[in-house]
Amino acid sequence: MCSHSSTGAEITDKISLHLYPFISNVFLEVISFMEKYPPKEFEQHLQDTVFQLKSEFESLKNYETKLVFPSVLKVFNTKNDSGYKPAVNIAELKKLTNKKEAAIYDYVSIIKSELSILHIAKSNPIHQLVYVFETAFLEEKNMWNSMLNNWSIGCACFVLAQQKIESSSSIS
């Protein structure tokens with residue numbers, strides 16, 4: 001097992017078992033608030049953007065928890081198994097993840113701007129949602145992306161996995 005395995009498991013657990021469920025609960029609070037206090041017509045775009053953010057967040061959450069995190073951890077867990085080296089294209093996983101994260105940040109920026117323009121009360125849970133994305137989400141995702149970048153260039157397990165991808169690509 002690779003020495004990076006415990007760090008990888010720790011950060012993926014922190015994101016998938018703590019951060020993502022916390023954000024999902026904040027979305028539930030926002031939706032509950034919207035049901036209790038339906039937005040006025042001029043606030044409809046804000047509500048639509050919140051639902052677009054939720055959709056993009058759910059897509060990222062599912063993609064990472066079902067594919068990215070298990071794939072990365074699998075690379076670590078096969079270090080001593082010389083007969084099996086997973087062919088994980090980290091660059092492709094990162095590319096799609098970064099695209100989803102960029103869309104999330106765009107939606108958060110739009111929501112933040114609209115909250116200000118519409119003078120939405122600070123008691124509205126949408127403010128908490130924006131805050132969570134701008135702080136906890138951003139911090140954890142920056143840490144994850146930094147670690148993934150470091151593993152991609154400095155971890156023998158990842159280098160071997162990438163070499164397998166490159167060698168199979170050249171054969172095709």
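**Reading helix packing and a pocket**

Me: In this predicted model, how are H2 and H4 oriented to each other, and why?

Reply: Angles under 35 degrees count as roughly parallel. The axes of H2 and H4, the latter spanning residues 125-154, cross at roughly 25° and come within 13 Å, and the two helices are therefore roughly parallel to each other. Their crossing is left-handed.

Me: Which residues in H2 and H4 meet?

Reply: From H2, the contributors include Leu 46, Val 50, Phe 57, Glu 64 and Phe 76. They meet residues in H4, among them Ile 126, Phe 133, Lys 141, Trp 144 and Trp 151. Sorted by class, this contact of H2 with H4 has 16 nonpolar and two charged residues, and no polar ones.

Me: How are H2 and H3 oriented to each other, and why?

Reply: An angle over 145 degrees counts as roughly antiparallel. H2 packs with H3 (residues 90-118) at about 155°, their axes 9 Å apart, so the pair is roughly antiparallel. The crossing of H2 and H3 is also left-handed. Their contact divides into 20 nonpolar, six polar and six charged residues.

Me: How much space lies in the largest pocket, and which residues are closest to its centre?

Reply: The largest pocket holds about 240 Å³ of space. Its lining has 14 residues, with Phe 33, Tyr 37, Glu 43, Ile 120 and Asn 124 closest to the centre.

Me: Which helices each supply at least two residues of that lining, and how does the lining divide by class?

Reply: H1 (5-36) and H2 (44-76) each supply at least two. By class, the lining has nine nonpolar, three polar and two charged residues.

Note on methods: Residues numbered from 1 in each chain as written. Predicted model: local features only at pLDDT ≥ 70, side-chain atom pairs only at ≥ 80, totals over all residues. Heavy atoms only, no water. 1 Å grid on protein atoms, 1.4 Å probe; cavity = no way out; pocket = protein on both sides within 12 Å on 5 of 7 lines; lining within 4 Å. Points joined across faces, edges and corners; volume = space filled by probe spheres on them. Helix = DSSP H or I, 4+ residues; strand = E, 2+ residues; numbered from the N terminus. Nonpolar A, V, L, I, M, F, W, Y, C, P; charged D, E, K, R; others polar. Axes fitted to C-alpha atoms, helices over the stretch in contact; angles between N-to-C directions. Parallel < 35°, antiparallel > 145°, perpendicular 65-115°, else oblique. Left-handed = near helix turned anticlockwise from the far one by under 90°. Contact = heavy atoms within 4.5 Å.
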